[in-house]
Amino acid sequence: MASGLGRYLALRAVNSVIVIIAVVLLTLIMFGPLVDQQLKAQIEMEVRQQILKGGAFGKYKTPEEAKRAMQKAIEERIKALGLDKPWYIRIWGDLWRTLTFDLGTSWVIKSDSGSSKVVNILLERIPRTVLLFGTSTIILLVLQLLLGAKAAATPGSLFDRVVVLSGLLGYAFATWWVGMVLLYLFAYLIPIFPAGGMVSVPPPQEPLRYALDLAWHMFLPVLTILIVALGGWAYVTRNLMIGILTEDYITTSRAKGVPERKVIYYHALKMAAPPILTQVTLAIASIFTGGLLTEIVFSWPGMGLLYWDAILSLDIPVIMGDVYFTTILIVLANLTADLLYGIVDPRIRLGAGGATL
Amino acid sequence: MKFAARIRDFWNEFKHRKIGILGLGILVVIVSISVLAPVIAPMDPTRWSDVNYWTNNPKGVPPTWAYYLQGKVPIPQLYLENYKTKLTKISGYPMIQVFLPINYSYTEFPTMVKWKINLTFVGAGAFYEIYIMRPDRKKITLYTGTATTSNASQGWTVIEIDATRHPDVERRIGEWLSSVGLDINKIQVAAPIQIAFADLKLLKKNKVVPLKGKYVFTVRAIAQGKNINVTQFRVILGATAYGLLGTDKSGRDLFKGLVWGTPIALLIGVLTSVLGVAIGLLYGVTSGYIGGWSDEAMMRVVDILMSLPKLPILIVLAIAYRPTIWLIILFLTIFGWMGIARVSRSIALQLKESAFVEAARAIGASRKRIILVHIIPNIVPYTVAALALGIPDAILTEAALSFLGLGDPSLPTWGAILNQAQTGGALGSGMWWWFIPPGLAIAVVSMAFVFIGYAVDEIVNPRLRRR
Amino acid sequence: MPQSDEVIIKVENLKKWFPLRRSLSDITFRRPRRYVKAVDGVNFEIKRGEIFALAGESGCGKTTTGRAILRLIEPTEGRVEFLGRDVTRLDKKEMKEFLRRKAQIIFQDPYESLNPRKTVEDIVGEPLEVHGLVETKAEKREIVSKYLEEVGLTPPEDFIFRFPHELSGGQRQRVAIARALVLEPEFIVADEPVSMLDMSIRASILNLMLDLRDKRGLSYLFITHDLATAKYVADRLAIMYLGKIVEMGPATEIIDNPLHPYTQALISAVPVPDPRHKIGDIPIKGEVPSPINIPPGCRFHPRCVKAFELCDKKVPELMEIEPHHFVACHLY
Amino acid sequence: MPALEVEDLTMYYEIPFRGFVRAVDGISFSLEKGESLGIVGESGCGKSSLAITLMRLLPKNAKILKGKVVLDGINIYKLPEDRLRKEIRWKRISMVFQGAMNALHPIIKVGDQIVEAIMLHEDVSKEEAWKRAGDLLELVGIDRSRLNNYPFEFSGGMRQRAMIAMALALNPDVLLADEPTTALDVIVQAQILKLIKDLQRKFGISLILISHDVSVIAEMSDKVAVMYAGRFQEFGSALDVFLNPLHPYTKGLLSGVPSVKGKPRRLKSIPGAPPNLLNPPRGCRFAPRCPFAKEKCFEEEPELMEIEDEHYVRCHFAEELREVPWDASE
């Protein structure tokens, strides 16, 4: 009976689609007027250039006539592009275009390969961000499970207190600021790590050296994310585990003679996995956004740094595209967590309420 | 009386928790700082971004104590105003000479040299020259200029120049250096003006060390007319260290920024969290108590809002609206109530089915009474911890937004200072006093609330207690 | 016993069906809505001063019946005549002024049924406030004290300022009884009032309830899963199975001479506080089916050791087999 | 030699900022092979703490002060943890818990849980263990195909049967059943009790049954211990304790229990509430609730004395009160 999981995932997927559409609509509504202005100014300039340079200017007898002709040409262009219709009508077309990844051209920023297409700019950036976060999240997940479980096994011990305290401190520190401090310490004061970027300039050609160079550049940003997030995640796991370790089935396991290590790292952790994944779903967006800012600090040329560049140059189409893809990434990450949740918890997989009364 | 007793009980529990007491202690300190800000750090906080406001401060210098820690004595900020005037005539035109002496006995160069001269004259125009007489009797012309007037009878000009990196000054110094056989491009100094204070003999050996002795800043001006006068001549020599936390590259006093950032952070954190908790509580209780179809719909809204990527949307809103602090609080609130709403709803659902609510229904209590008397008072304790934890969340989010340069531009928020540090290359130039304190301040204030929240949560939510 | 022949409450064909949530596919394929038939046509009456016990296993609908009579949940169908008025047709105002004053309920879990943030005085005094029966605090305190004394919480001044967590289970249940009494009701639904209490104090609560009946002529609907308790307190007893009453009559008669195969199984399963008695085989098959898919015919037939061919076809009616002893079984 | 011998077992919990709770206080008893001991007591009397103490499954804040538990000649409190785990737990003494709902791991298949118990202690192949698990399920009346089910797919009664099957997987000498039927309905309860009784006889297991329900204890036990405030107050054969109770607490407890059998009688209760074990009363712990208490009772705690043959009572005045019924107090 796979319908339990199917139904559950379908629900989450519908939710995700609504989220994506809502975000896109919101950006369109917010930026619509700005983009309009820019477009109109651009048209005006183009038309003017055309008339002035195309030699057509001489045909007009009076400046007024020339002005009127220019105005007419501009209006025609605007009409041809459909810009004369009110925004709430055009927005649906824009929505469709955005959803189908037709994100237009940037105003200032260009991709590394020189393209002005927003999609191309983003396609270059996404893998870098995914690399940074994928690595961080995987390390985070594994370490927090181990640390959280170990802390829960000896509540009140020094180790446990450290986990609790670092969990609390994790709430208080801004990831990107910790990044600044680490960068200052280990790239400027004691220069053992690069001051930023993803690879050295020029990048090494040999694949292994390239990978090592990449890892060397990734070290500090990943460390930053770990320092801030690890305590909090481990703390969540610890609390869940402490609750679970007092349950009857754990006593059963111990009474059965299951070694303590297996009790904690198998019986208890297995039970903690579904709620941990739920927490991950809630936390992923927050590390992701914290990490976007970390990219800025480390000049990691991903989607976060793109926000920074686009904000500085007020490149609205790029910001819109970045927001859209950020949303998609977060939604996908959440869906993955949901899917894993369904897999690790047979009660979801087999449909709740399977018990006979 | 009952309420007081409950508060006392709560306090008795709370005071056993060291971490909570620590948080409370920090809170007391930061609240005091906020209240006393106008006394500790007098300034108009809305002029933080106004560069003119800070123009007379040394730029980018470290805190004074850091200097002493290194065993060095910093140069103080010097304001020279006691000038002597000498009026003469040259070729029939009136000439004025103004002397501003300084006995320079420091081992380091001033970080900044600025002057301000008020020149009045009667006639068509005036020519002026600013030079410095060094202890070694060398004269360096720093700046020359002419003033004209459309009103032939009366003219005036204000010559206010930051000579530290002024291109004209740099050119003049370069000319002087080449006259003694040196190349300005081969000398390493923080600012060209500092060469005017350098020991020439050592300079030739590639050592940049100040020459001690009496320097005289001089203005000489000649008017093409009858009369000339200097009504003000002031020279500021920049300190090498400043105050408790130094200055940034625009000369802003970072201590003042840090102090004034405190009430702003508290305002943002507390207001956002309180509003968020209030909205979330009402929404959650309504949703949970009404139940059925509308509950489903209301919770779906919460689900969707919760899955929205917070920071990107805040970026969009901030770009579209150029927000004030109030607007930022509003935006943060919009994203800050769903967690509470969920918790409140699930507790409300439990309470709704609980026997004591059923008992209240059985005695004929109205729906309003049940919600107000039986449900909300039983949810409030759970929200206290959330309230405390919502504060650092709001502070951190606002800081992130300001770090991106999208905060309220007029106020000295910690995030804004960090943004300025990032754009100003504080890391690369080693200006740790620019970016370490504001980040620590964010962390310390957040910690206070996290610790208090943790302690409160342990008391009202005993499942987390160590067993 | 101050029992009279006046019928105080009459329940006719009471039903409570909880609709199940329909899934998306149910709606697309237009499958009919399914129900949990928690209470499925129950009839009984209670006389003034009588204790009527409703017994059965969990999920049999006994608790739902009690709630539906008080309209704490809305009955799906049927009539409940209380003091001559049909409770199911009362409007909001009549509910408050009539039903909520004349009928009360005592809950199973004394740890849950008292608001943890209210003092005993507030809890017991709340009905007075809700109904506007007191004007001053002094008045309220006087009445609350009187009822605390009546339920054995003496001296009352030791209790009025306490919070529920400062009381023992038995004391809490007494507070709950005081709250139920303060409006001077004529009928009380007691939903497993002692099952959460320690053995050593159960008797005192049961005796308090019996004493109150004697003194005030109260009538009780006593809901319990414990037949031994039912035998001790009840004048009459009804056994429920899957939403229906299968046997009803004088309590001692039912327990000493059960006629329905289910009642027989149930009674044989009750442990006895006598070491000479040992549990034997229980004459029953299988487990309780889900109330969503109720078996056709007699709903007990799949588990009945005496079932014959008629049982899965025809629903047996509740019939008076012996004087005052009703059974719903084709065997009789 | 008795199958299980417990001597002066004393365990306390440490409550932060508050003090110590002696939940198990000087418990001694012995149990022959195939015999069943019922321990009855009200909530908070320490009976469940006794169960985990016997298994040496203590939570972090619990400490053993003294005493020994001798199983087949081995004091399990002298054994190192891993020998205890490998040689004693489940193999010699296994356990069935209260609640049924939660004693099995909710998201591990029932079969795997039984197999785990077998394979931890015996060197058998996975297939062999699986087959044995199936046999065990059939033994308790569940179809072996349900090995592949998760506990949430079982009803409460089936879960408890599966738990019993798992408890018997290694033919233990002693079975400890802590409130095995508390959350179950009467009919299921009776079936489970019957099952335990039958299997106990069949395999000659010694049974320790812990319950708050006097009637359940009466039905199941050869010997009965009445526990109050961490101590045994009365101990003896079931017939002695139930038909000739000597301790006032036992008398009070029994006179408050209704029965479906016999003539109705007015039930009696015990006034007051059990003491807080953080500050237990001086003297006899039952004295504050005892209508027969005299001055001595508040000053000196009585020993558990053998008043009649194999019938122990912890009361200064057991002899004097021998014929006095509980009702006499009113």
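This is a predicted model: local features need pLDDT of at least 70, side-chain atom pairs count only at pLDDT 80 or more; totals for chains, interfaces and linings use all residues.
In which helix of chain A does A:Leu143 lie? A:Leu143 belongs to helix 4 of chain A, and this residue is also one of those that make a nonpolar surface patch.

**Where chain B meets chain A**

- On the side of chain B, 48 residues are in contact with chain A, and 47 residues of chain A take part in return.
- The size of an interface is often given as the accessible area lost when the parts come together.
- For chain B and chain A the buried area is about 4400 Å², of which 81% is on carbon and sulfur atoms.
- The side of chain B that touches chain A draws at least two residues from each of helix 7 (292–307), helix 8 (310–321), helix 12 (367–403), helix 13 (414–423) and helix 14 (432–460) of chain B.
- Helix 14 of chain B gives the largest share of that side, with 12 residues.
- Sorted by class, the side of chain B that touches chain A consists of 34 nonpolar, eight polar and six charged residues.
- Between chain B and chain A the count of salt bridges is zero, while one residue pair, with both residues at pLDDT 80 or more, is found in polar contact across the interface.

**A nonpolar patch on chain A**

- A:Ile138, A:Ile139, A:Val142, A:Leu143, A:Leu146 and A:Tyr265 together make a nonpolar surface patch of about 490 Å².
- Helix 4 of chain A, which covers residues 118–153, supplies the largest share of this patch, namely five residues.

**Backbone features in chains A, C and D**

- Most residues other than glycine have a negative phi, and most peptide bonds are trans.
- In chain A, the peptide bond that joins A:Val201 and A:Pro202 is cis, with an omega of about -5°, and A:Pro202 has its place in the loop between helix 6 (175–189) and helix 7 (207–245).
- In chain C, a cis peptide bond runs from C:Thr154 to C:Pro155, with omega near -10°, and C:Pro155 is found in the loop between helix 5 (137–150) and helix 6 (169–181).
- In chain D, D:Trp90 is a residue other than glycine with a positive phi, near 70°, and D:Trp90 is located in the loop that lies between helix 2 (81–88) and strand 6 (93–96).

Note on methods. Residues are numbered from 1 along each chain as its sequence is written. Chains are lettered from A and ligands numbered from 1 in the order in which they are written. Side-chain values use heavy atoms; hydrogens and water are left out. Contact means heavy atoms within 4.5 Å. Buried area is the accessible area (1.4 Å probe) that two parts lose on being put together, summed over both. A salt bridge is a side-chain nitrogen of Lys or Arg within 4 Å of a carboxyl oxygen of Asp or Glu. A polar contact is a pair of N or O atoms within 3.5 Å; within protein, one must be able to donate a hydrogen and the other to accept it, and residues adjacent in sequence count only if both atoms are side-chain atoms. Helices (H or I, at least four residues) and strands (E, at least two) are DSSP runs, numbered from the N terminus. Ala, Val, Leu, Ile, Met, Phe, Trp, Tyr, Cys and Pro count as nonpolar, Asp, Glu, Lys and Arg as charged, and the others, Gly among them, as polar. Patches are made of residues with over 30% relative accessible area and no salt bridge: like charges are joined within 9 Å, nonpolar side chains (Val, Leu, Ile, Met, Phe, Trp, Tyr) within 5 Å. Accessible areas come from the Shrake-Rupley method with a 1.4 Å probe; for residues, only the protein chains shown count as cover.
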